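Hi,

Here is the structure I promised to hand over. Have a look, and my notes on what turned up follow below.

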Amino acid sequence: MPRLSVHYLPQFVSETELADSTVVVIDLLRASSTICHALSAGAKCVMPFVEVDEVRDKASALMSSSVVLGGERGGRRIEGFDLGNSPTEYTPEKVFGKTILFSTTNGARAVAHAHLAQRILIGSTSNRRAVVAALAEEPAIDILCAGTGGNVTREDILAAGAIVDSLLSIPDSHWETNKWVDPVRGEWQELLSTANALGRSVSAQLALELRETTGGKNLLAIGHDFDLDVCAQIDTLDLAPELDPVSAAIYL
């Protein structure tokens with residue numbers, strides 16, 4: 001029987017526990033959403049780095065015309081970088097054919113935490129369908145939420161719930177699950193029920209609920225409320241980005 005587990009934060013699961021698994025890293029607001037949009041816009045790949053200095057060192061080793069520096073600290077663009085961490089910034093005009101050197105406060109650390117995994121995929125609500133399709137035959141799946149500053153965040157729980165709900169809805173599927181699978185699915189199904197009762201689309205309901213999450217409030221505080229609508233999109237991107245362990249880059 002295949003195994004499906006959810007982890008609310010990287011520190012809640014050891015690196016070795018992820019070693020034989022396919023890990024889906026979720027940082028809905030905004031790293032995983034931004035990575036998906038960058039690759040959808042034609043970026044060659046996205047290379048995640050935990051530290052800002054690592055980005056600058058890598059950039060100095062590559063041709064400057066082939067790379068774009070992207071990322072944030074405290075939600076804002078890092079000084080000297082080309083782009084921040086808003087999906088809206090990663091347009092074809094800016095990133096097509098480019099290697100994105102990318103560092104964020106939480107998402108990059110979650111990717112690094114999963115470095116022993118058999119596969120690492122990047123998940124969000126916008127690419128949920130594609131991620132579920134990529135996971136359907138996997139024997140062991142761990143959904144790893146990035147959180148914010150070491151704290152659990154509801155935005156990641158909702159995105160995890162969206163993926164879990166789709167996996168558990170596959171006909172004739174049977175899963176061995178950990179104790180957090182049902183709670184995240186319940187959170188997502190409650191959102192679906194609320195959207196239906198109020199006559200809203202799921203994306204519109206998610207965007208509204210994101211405004212009350214930790215990450216959503218942080219974005220509102222810095223004037224990035226427009227990112228909430230983008231990150232709340234459902235099944236709009238047909239891609240399942242995956243980390244190549246040799247190059248340490250995320251490709252389609």
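For angles between axes, under 35 degrees counts as roughly parallel, over 145 as roughly antiparallel, 65 to 115 as roughly perpendicular, and the rest as oblique. Keep in mind that this is a predicted model: local features need pLDDT of at least 70, side-chain atom pairs count only at pLDDT 80 or more, and totals for chains, interfaces and linings use all residues. Numbering starts from 1 along each chain as its sequence is written, and side-chain values use heavy atoms, with hydrogens and water left out.

Now the helix pairs. α7 (residues 181-198) packs against α8 (residues 202-210) at about 115°, the axes being 9 Å apart, so the two are roughly perpendicular to each other. In contact (heavy atoms within 4.5 Å) are W188, L191, L192, T194, A195 and L198 from α7 with V202, Q205, L206 and E209 from α8. That set splits into seven nonpolar, two polar and one charged.

α6 (residues 154-168) also packs on α7, at about 95° and with axes 7 Å apart; this pair is therefore roughly perpendicular too. By class, the α6 and α7 contact has 11 nonpolar, two polar and four charged residues.

As for the whole protein, there are 10 helices (DSSP runs of H or I, at least four residues) and 11 strands (runs of E, at least two). Buried residues (under 20% relative accessible area, 1.4 Å probe, protein chains only) make up 55% of the 252. The C-alpha atoms fill a box of roughly 50 × 40 × 30 Å along the principal axes.

Cheers

Key
Axes fitted to C-alpha atoms, helices over the stretch in contact; angles between N-to-C directions. Nonpolar A, V, L, I, M, F, W, Y, C, P; charged D, E, K, R; others polar. Buried < 20%, exposed > 50% of the residue type's maximum accessible area, 1.4 Å probe, protein only.
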